[in-house]
Amino acid sequence: MAALPTFISTAQAAHQLGIGEARLRRMIEAGTIKAANVSGETVVSEASVRKFHKQQPISQPSGLRKEDLPEYRKFMQLRGISIWGRKAQEKYGIPAQTIAAWAQKGFIKQIGNDKNKVLLDEQDVAFCAEIYQAHRGQGKWLFNADGTPYIPRSERVQLAG
């Protein structure tokens with residue numbers, strides 16, 4: 001007999017993934033995480049959470065938040081300044097699709113709308129652009145799920161040793 005799928009609450013799934021519930025809802029809407037509606041409540045497939053978690057890079061061992069990093073703080077003067085995707089593409093030399101993907105994943109804060117333009121926090125854009133330029137072509141992962149720069153396991157071992 002096949003095992004029945006198990007489901008967990010959105011709060012529990014968000015906690016296991018280390019993300020906020022709003023981001024989890026966006027992932028559900030995008031089909032990245034499977035969910036169902038049971039008695040009017042959204043529940044998340046535990047297997048889907050485990051599968052997604054295995055695919056993601058491991059977070060920084062230090063436990064630092066992106067906001068604590070010197071690479072992020074050096075763009076403090078840009079905090080709260082809005083920039084839209086095309087302008088960010090021109091200014092930072094990053095494809096607009098990449099910037100949009102970062103915003104969708106929550107690495108770049110969306111701070112508003114201007115007609116049909118989504119306005120992004122320029123501090124986040126500048127930080128992500130710097131990481132992108134520094135690690136261009138060095139692998140698939142640039143960021144951990146929490147928005148901190150991804151450090152490959154080989155480099156983590158060197159840093160620890």
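In the hairpin formed by β5 and β6, where two residues lie between the strands, K115 takes a positive phi near 60°; helices (H or I, at least four residues) and strands (E, at least two) are here DSSP runs numbered from the N terminus. This is a predicted model, in which local features need pLDDT of at least 70 and side-chain atom pairs count only at pLDDT 80 or more, while totals for chains, interfaces and linings use all residues. Residues are numbered from 1 along each chain as its sequence is written, and side-chain values use heavy atoms, with hydrogens and water left out.

**The sheet of β4, β5 and β6**

- The strands of this open, three-stranded sheet follow the order β4-β6-β5 with antiparallel pairing, two strands being counted as paired if DSSP finds at least two bridges between them.
- Because β4 (82-84) and β5 (110-114) stand at the edges and have a single partner strand each, one side of each is left without a neighbour in the sheet.
- Neighbouring strands of this sheet are turned by 40° against each other on average, direction ignored; axes are lines fitted to C-alpha atoms, for helices over the stretch in contact, and angles run from 0 to 180 degrees between N-to-C directions.
- Three bridges pair β4 with β6 (residues 117-121) in the antiparallel sense, and here S82 stands opposite D121 of β6.
- Helix α5 (residues 85-92) packs on the sheet, touching β4 and β6, and its direction makes about 90° with that of β4, contact meaning heavy atoms within 4.5 Å.
- Helix α7 also lies across β4 and β6, running at about 75° to β6.
- The antiparallel strands β5 and β6 are joined by four bridges, and G112 stands opposite L119 in β6.

**The sheet of β1, β2 and β3**

- An open sheet of three strands, with antiparallel pairing, has the order β1-β3-β2.
- Its edges are β1 (7-9) and β2 (35-38), each with a single partner strand, so one side of each is left without a neighbour in the sheet.
- From one strand to the next, the twist of this sheet averages 45°.
- Strands β1 and β3 (residues 41-45) are paired in the antiparallel sense over three bridges; F7 stands opposite S45 in β3, and S9 stands opposite V43 in β3.
- On the β2 side, four bridges join β2 to β3, and these strands run antiparallel; A36 stands opposite V43 in β3, while the bridge partner of N37 in β3 is T42.
- The hairpin of β2 and β3 has two residues between the strands, and within this hairpin S39 takes a positive phi near 50°.
- Helix α1 (residues 10-17) lies across β1 and β3, running at about 90° to β1.

**Salt bridges**

- Four salt bridges are found in a search of the whole structure, each defined as a side-chain nitrogen of Lys or Arg within 4 Å of a carboxyl oxygen of Asp or Glu.
- In one of these, the side chains of K66 and D124 meet at 3.3 Å, N to O.
- Since K66 lies in the loop between α3 (46-55) and α4 (70-73) and D124 in helix α7 (residues 122-134), the pair ties together parts that are 58 residues apart in sequence.

**The second largest pocket**

- The second largest pocket holds about 350 Å³ of space; on a 1 Å grid over the protein atoms alone, a pocket is an open set of points where a 1.4 Å probe fits, with protein on both sides within 12 Å along at least five of seven lines, and a volume is the space filled by probe spheres set on the points, which are joined across faces, edges and corners.
- Of the 19 residues that line this pocket, R23, K105, G106, A145 and D146 are the closest to its centre, a lining residue having an atom within 4 Å of a point.
- Both α2 (21-30) and α6 (96-105) supply at least two residues of the lining, and α6 gives the most, with three residues.
- The lining divides into five nonpolar, six polar and eight charged residues, where Ala, Val, Leu, Ile, Met, Phe, Trp, Tyr, Cys and Pro count as nonpolar, Asp, Glu, Lys and Arg as charged, and the others, Gly among them, as polar.
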